Amino acid sequence: MACRRCSRVWPMGQARCDRCGSKLVSRDTRSLQKVWAWWIAGVIAYIPANIYPMLVTNTLVYRSENTIVGGAVEVAHHGAYGVAAIILIASVLIPVGKFLAIAFLAITAQRGTSVTPRARTHLFEIVEFIGRWSMIDVFVVAILSSLVQLSVVASIRPGPAALTFAISVICTMLSAQSFDSRLIWDAVSRQQPRKTP
Amino acid sequence: MSDPRTPTPENIPVHEGRPSIWERISFIWLIPIVALVVALGAAWNNYNSQGPLIEITFENAAGVKADETELRFRDIRVGLVEEVGFSEDLKQVQVSVRVAKELSPFIDASAVFWIVRPEVSAQGVTGLDTVLSGVYIQGAWDGTPEGFRTAFEGQSNPPLLDSGREGISFTLRSTDSLPTANTPILYKGVQVGQVAGAEINADGSGVTAPAVIYEPFTQLVTSGTRFWDVSGFSFSLGASGARLNFDSFASLISGGVTFETMGSGGDPLTDAAVFELFPSEETARDDFLVEGDGDDSSVTLTMIFEQNLAGLTPGAPVELGGLRVGEVTSLTGIVDADRFGDDDVRLLTTMRINPSRIGLGEEAGDDDLLDFLSRRVADGLRGQLTNASLLTGALKIRLIDVEGAEDATLDLDADPYPVLPTTEADITDVATSAQGVLQRVNDLPIEEVMQSAIGFLDNATALVGSQALQDAPEELRGILSAARGVVEGEELQAIPGQVSVVLRDLEQISGKLNTIVTEIERRNVIDQLIGAIASVEEAAGGLPGIVEQAGAILDDAEEVSIKTLADRTTSLIAAAEALIDQPSTRALPQELNEALEQLNLTLAELREGGLVNNANATLASARDAASAVEEATGLLPGIAEQLRSVANQAGATLSTYGRESQFSRETSAALRQIEAAASAIERLARAIERNPNSLILGR
């Protein structure tokens, strides 16, 4: 079996990796538990991220609080459909898609599915790759709030949703990372003996 | 695992341990649990801290926005509008406000809400901060929780008593007009209250406005208080002259209401109190005179006047003996053929009379007043319409005693009020009088006057233009040149020279006289003369006794009879004879003769010495000189007289000619010179006459 840290392959029964000294386990038995735990935390954090305002804009005569979806709708009302689409994709579609993808992977790892392991592995890679881009909203808020600080005239502050959104993204990334991709293939190895005899 | 007995070596068995449940469950589950707890806690906290929702309805909620407009209490945010909608019938705006939880118990029945907007009025600019921040809803409630309520009626105007101001609110009423909202109530220039916006009565008969007096000024207001308007200024022209009234420039601009408590006592101010707002201080005082301190003791009476005259209005005074005792409250016409016997319209006047003003005392009630009036009516008291003001034609009612009036009584049973009998109106018709005056002016013979004036002026013009008057200056000039000739004549010029010659002669004469006099003194002539005269006096000394006696006799003679008079006269004569018979008496002539002889001798001696001749000659020449002086002096007044007559003539001519021209000025100057010369000459003449010695002695 392979060391999860340095990827050196050891024969079964080896308790520790001689190269890096980490504990060798053939399968992370708690992998799915971790996935689900982070997944749930991510979902919990994602709810207020959508309810509370992401961006608080204060001008001399005007104060507005925009949630993620509300902001996207408002932008769309002004005709900037492209921007609205980017916001929606980055802030809603991707996180929700990640939740669904991780949940799908975790469930299929346990129950089995008709989807080929190759496709599922590909899905997992996509989730891992996209995860880092989920923070785009948080970055936008951070940049805006540091740039637009004109004292009383106008200021932009991050709302409570910015924090929870960031937490949610972190949780989903951890969730995705916790997923032991070998579990996808375990099912294959279990099924094959049944088919081949 | 179909066949466990034939394990394939590639098939690495997967160790699926069965550890206890605690070992199987990863600690990682703590994270979602914590997240869940935190989320739930936050949600619960959020829900728990969320205050209740109250609904306020407004007629007009301009500027109120959901999630933006704040609810403020003492200008601090205590809530936020969550929703703005309409009432079910769409007639009002319904504003849902989430209020702070800790304040919700205080939002009870006492709470009032109004929308603060920027407002620019004469009192100043308010709500300026709302220009930028938008409007907000201001709430006010007291500090005692009395049961939370969720539905409120929003006020259209800020309440008079803001939160934190104590005071008593009451109602101001006027039939005329009330000041604008937020007008201050001033007392001696200090704001002690405020008037809110006025509203028209339901029946349109007047306007009322809620007003408030702040603590601790509420004690200044009693039922004896009268309010009046000091907004702007008033100009009145009356019998006492013109008056321009305004309280202060501040109230001139912003308006104001002031008051004065005109009577002591009276009930303190209460919430239900209603006060009349009078247009001026005078009317307020008049009302107090009639109404008193509000104990409503006035008695209502009616009068029916035969004439229906214009000019009497509600509020017109009712006077008794020149004192205002009441006022007219209403006027109507009345037609009652049964009662009066014809169909004429009569004037039914209702009035209030205050018993305390008549002098029946503070405690006097209706019955006292009616008793009094009944007695007076029996004596001839009647109501009479008369002029209140000649200028405006307003009328008033006067209660007067009419001599020989027809019998009448105060009809106490009349409906609805007792009826006081009336008499004929005493009205001076200003229009008629003015017409009479104009008629007289019209009758004046103005044209004749003008005609004669024109004739006079024509004559005057002719006179002035006449040749005689035109020649007058020429003649005058001739007179003046004649006068100048006289003054400059040689005779007149020579007078001073002659006079000085005469004076020189006189001086010489007086020197000679002095030597004569000293000579006489030297020779004791005078002493001798004095001695002789003294002896004569001595001799005459006895004479007074006789004279007195004679006087006594004459006195007696007036009293006594002629016979006794004769006797007395006889005795007097006898006494006189006896006196004359005395040797001394006889010697008197002798002595006198001797004295005279001595004088003669002296004079003879003098004559012999040539002195007398000298003296005679001197005196003769002196006499000549004096007569010459006299002659000269006699001439002087003549000259003066001549000059004066010239001057007078000239003056007379000049005065007819006029005073303005250069010519006349010069002429009068010349005349004055002539007059001065004349008077100088006259003075000289008079001085010489009065005191020739001064000429002689040079003094």
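**Entry 1: sheet in chain A**

I began with chain A, where 4 strands form an open sheet in the order β2-β1-β4-β3, with antiparallel pairing. I noted β2 (63-66) and β3 (149-150) of chain A as the edge strands, each pairing on one side only. I record here that the model is a predicted one.

Strand β3(A) runs antiparallel to β4 (residues 154-158) of chain A, and 2 bridges join them. Within this pair I found Gln149(A) opposite Ser155(A) of β4(A).

I next looked up what lies across the sheet strands. Helix α5 (residues 136-147) of chain A lies across β1 (55-59) and β4 of chain A. I noted that helix α5 runs at about 145° to β4(A).

**Entry 2: sheet in chain B**

I turned to chain B and traced an open sheet of 7 strands with mixed pairing, in the order β24-β25-β21-β22-β23-β20-β26. Its edge strands are β24 (381-387) and β26 (419-420) of chain B, and each pairs on one side only.

I looked up the helix on this sheet. Helix α8 (residues 366-378) of chain B packs there, touching β20, β23 (346-353), β24 and β26 of chain B. The direction of helix α8 makes about 30° with that of β20(B).

I followed β20 (residues 299-305) of chain B to β26(B) and found parallel pairing over 2 bridges. Thr302(B) stands opposite Val419(B) of β26(B).

**Entry 3: annotated segment in chain B**

I consulted the UniProt record, an unreviewed entry, which annotates residues 27-44 of chain B as "transmembrane region". In the model I found this stretch to be 83% helix and 0% strand. The C-alpha atoms at the ends of residues 27-44 of chain B are 26 Å apart.

Conventions:
Residues numbered from 1 in each chain as written. Chains lettered and ligands numbered in written order. Predicted model: local features only at pLDDT ≥ 70, side-chain atom pairs only at ≥ 80, totals over all residues. Pairing = 2+ DSSP bridges. Contact = placed C-beta atoms within 7 Å. Axes fitted to C-alpha atoms, helices over the stretch in contact; angles between N-to-C directions. UniProt positions renumbered as here; feature names shortened; annotations may be inferred.
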